[in-house]
Amino acid sequence: MGMKTKIALGAVVGIVVIGAMSANSGDSDGGSGDSGTSASAEQQSGGTKADTKSDPKPAEDKGTEKASQAEQFKAFVQKNGTPQEKDAVSHVTKVQGAEEQNDILDAADIYTDFTGGIMGEGMGPAKLLTSAFADWKQSDNGLVTVYDADGELLGTGNF
């Protein structure tokens, strides 16, 4: 049993070392450099009121960007969609993942106010929403998922 224990312990240590190295390499590529830059900018400001006033504004902008994905999608469908798509998009409450695309594995989520899951009223409009989303955003390997008000899956589609 001593040999098996040594092999298992060596495997665990190896996995931990590989995990730690990959976590650190991700930070050194851009994570810690960016946070160090922002930290040094905060330290250099020394509490200057002009700098502290400018910090909350980008945070507010970030909050509106998340909400604006749904608004941008709704505006696109209102301009370019069919009457059925326009009706379906009026039920959209939130869109996530639309701006983060790398054409490798893109995933976006559309949240609606429909109820009842797949057996409810939202399955047909979910297909319309996935089709409209594919017209709005293009990806080599994208998947859009539509959810109802309770977070249950209504449908998926490629974009």
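Leu153 is partly exposed in this predicted model, with a relative accessible area of 40%. The term covers values between buried (under 20% relative accessible area) and exposed (over 50%), found with a 1.4 Å probe and protein chains only. Because the model is predicted, local features need pLDDT of at least 70 and side-chain atom pairs count only at pLDDT 80 or more, while totals for chains, interfaces and linings use all residues. Residues are numbered from 1 along each chain as its sequence is written, and side-chain values use heavy atoms, with hydrogens and water left out.

Leu153 belongs to strand β4, which spans residues 153-158. Strands (E, at least two residues) and helices (H or I, at least four) are DSSP runs, numbered from the N terminus. Contact here means heavy atoms within 4.5 Å. With residues up to four places away in sequence not counted, Leu153 touches Gly117, Ile118, Thr145, Val146 and Tyr147. Gly122 is 31 residues from Leu153 along the chain, and their C-alpha atoms are separated by 9.7 Å.

Leu153 also takes part in a nonpolar patch on the surface, together with Ile118, Met119 and Met123. The accessible area of the four residues together is about 410 Å². Such areas come from the Shrake-Rupley method with a 1.4 Å probe, and for residues only the protein chains shown count as cover. Patches consist of residues with over 30% relative accessible area and no salt bridge; nonpolar side chains (Val, Leu, Ile, Met, Phe, Trp, Tyr) are joined within 5 Å, like charges within 9 Å. A salt bridge places a side-chain nitrogen of Lys or Arg within 4 Å of a carboxyl oxygen of Asp or Glu.

The sheet comes next. Its 4 strands form an open arrangement in the order β1-β2-β3-β4, with mixed pairing. Strands β1 (92-96) and β4 are the edges, each pairing on one side only. From one strand to the next, the twist averages 15°. Two strands count as paired if DSSP finds at least two bridges between them. Strands of a sheet pair through backbone hydrogen bonds, either parallel or antiparallel. Strand β2 (residues 106-112) and strand β3 (residues 142-147) pair in the parallel sense, over 6 bridges. Within this pair, Asp106 stands opposite Gly142 in β3. Helix α5 (residues 123-136) packs on the sheet and touches β1, β2, β3 and β4. The direction of α5 makes about 30° with that of β4. Axes are lines fitted to C-alpha atoms, for helices over the stretch in contact, and angles run from 0 to 180 degrees between N-to-C directions.

Two loop residues were also examined. Asp103 lies in the loop between β1 and β2. Its phi is positive, about 60°, although Asp103 is not a glycine. Asp103 is partly exposed, with a relative accessible area of 38%. His91 lies in the loop between α4 (83-89) and β1. His91 is partly exposed as well, at 25% relative accessible area. Beyond its neighbours within four places in sequence, His91 is in contact with Tyr111, Thr112, Asp113 and Phe114. His91 and Asp113 are 22 residues apart in sequence, yet 5.5 Å apart in space, C-alpha to C-alpha.

Over the whole chain, there are 5 helices and 4 strands. From the N terminus on, the elements run α-α-α-α-β-β-α-β-β. Of the 159 residues, 24% count as buried. Among contacts with a separation of 6 or more, 54% join residues 24 or more positions apart. The chain exposes about 10500 Å², and carbon and sulfur atoms supply 56% of it.
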